[in-house]
Amino acid sequence: MAKLEVLYNDDCPICRREINHYAGLSGDDVTFVKITEQSAADWGLTEEQAAKQIHARSDGNVTVGVDAFVSVWQRLPYYRSLSLIVGWRPIRYITDIVYRNVLAPLLFAMHKRRQRRQVNSPR
């Protein structure tokens with residue numbers, strides 16, 4: 001199985017905590033890449049596009065959102081069963097709708113709010 005790269009938003013405390021947890025379980029099979037202007041460009045994305053959802057790629061194949069999570073979970077002990085459950089088409093369909101329409105937009109809105117506070121905060 002080819003190595004998996006995961007592009008994630010390190011500025012998001014929820015995302016960072018989850019990725020740190022995965023990194024502790026993944027060994028050398030998964031590389032976690034923080035979103036920067038350069039790393040996003042390497043994936044053909046802007047920083048904003050990259051921050052809207054989690055992205056994963058292996059052998060040039062990019063997955064986004066729930067499919068990216070399933071790609072990660074397939075490689076982690078304790079999460080392989082979850083990848084099978086969420087990867088099952090009816091459940092994947094529902095989780096994808098929830099992630100794309102509720103969770104990802106909520107996390108992205110929180111990210112944008114944090115960015116605005118950082119810009120507007122006195123130094």
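1. Helix 4 (residues 66–73) is mostly covered, with 7 of its 8 residues buried, where buried stands for under 20% relative accessible area, exposed for over 50% and partly exposed for what lies in between (1.4 Å probe, protein chains only). The buried residues of this helix are Val66, Ala68, Phe69, Val70, Ser71, Val72 and Trp73. Their cover includes strand 1 (4–8), helix 1 (13–26), strand 3, strand 4, helix 5 (80–87) and helix 6 (89–120); helices (H or I, at least four residues) and strands (E, at least two) are DSSP runs, numbered from the N terminus.

2. On the basis of these remarks: this is a predicted model, in which local features need pLDDT of at least 70 and side-chain atom pairs count only at pLDDT 80 or more, while totals for chains, interfaces and linings use all residues. Residues are numbered from 1 along each chain as its sequence is written, and side-chain values use heavy atoms, with hydrogens and water left out.

3. The sheet is open and consists of 4 strands in the order 2-1-3-4, with mixed pairing; two strands pair if DSSP finds at least two bridges between them. Strand 2 and strand 4 are the edge strands, each with a single partner, so one side of each lacks a neighbour in the sheet. From one strand to the next the twist averages 20°.

4. Strand 1 and strand 2 are paired in the parallel sense over 5 bridges, and Tyr8 stands opposite Lys34 in strand 2. Helix 1 packs on the sheet, touching strand 1 and strand 2, and its direction makes about 155° with that of strand 2; contact means heavy atoms within 4.5 Å, and angles run from 0 to 180 degrees between N-to-C directions, with axes fitted to C-alpha atoms, for helices over the stretch in contact.

5. Strand 3 (residues 55–58) and strand 4 (residues 61–64), by contrast, pair in the antiparallel sense over 4 bridges, with Ala56 opposite Thr63 in strand 4. Their hairpin has 2 residues between the strands, and Asp59 takes a positive phi near 50° there. Helix 4 lies across strand 1, strand 3 and strand 4, and runs at about 115° to strand 4.

6. The structure holds 4 aromatic pairs, where rings of Phe, Tyr and Trp (its six-membered ring) pair if their centres lie within 6.5 Å, and planes under 30 degrees apart count as stacked, over 60 as edge-to-face and the rest as tilted. The pair of Phe69 and Trp73 is tilted, because the ring centres are 5.6 Å apart and the planes stand at 35°; the two residues are 4 apart in helix 4, about one helical turn. Trp73 and Tyr79 form a stacked pair, 6.4 Å centre to centre with 20° between the planes. Tyr22, Phe69, Trp73, Tyr79 and Tyr99 form one aromatic cluster.

7. A nonpolar core is a set of buried Ala, Val, Leu, Ile, Met, Phe, Trp, Tyr and Cys residues joined through side-chain atoms within 4.5 Å. Of the 20 residues in the largest such core, Val6, Ile19, Tyr22, Phe32, Ile54, Val72 and Trp73 touch the most other members. The largest share of this core, 6 residues, comes from helix 4. A second, separate core of 9 residues includes Leu7, Val33, Trp43 and Leu45.
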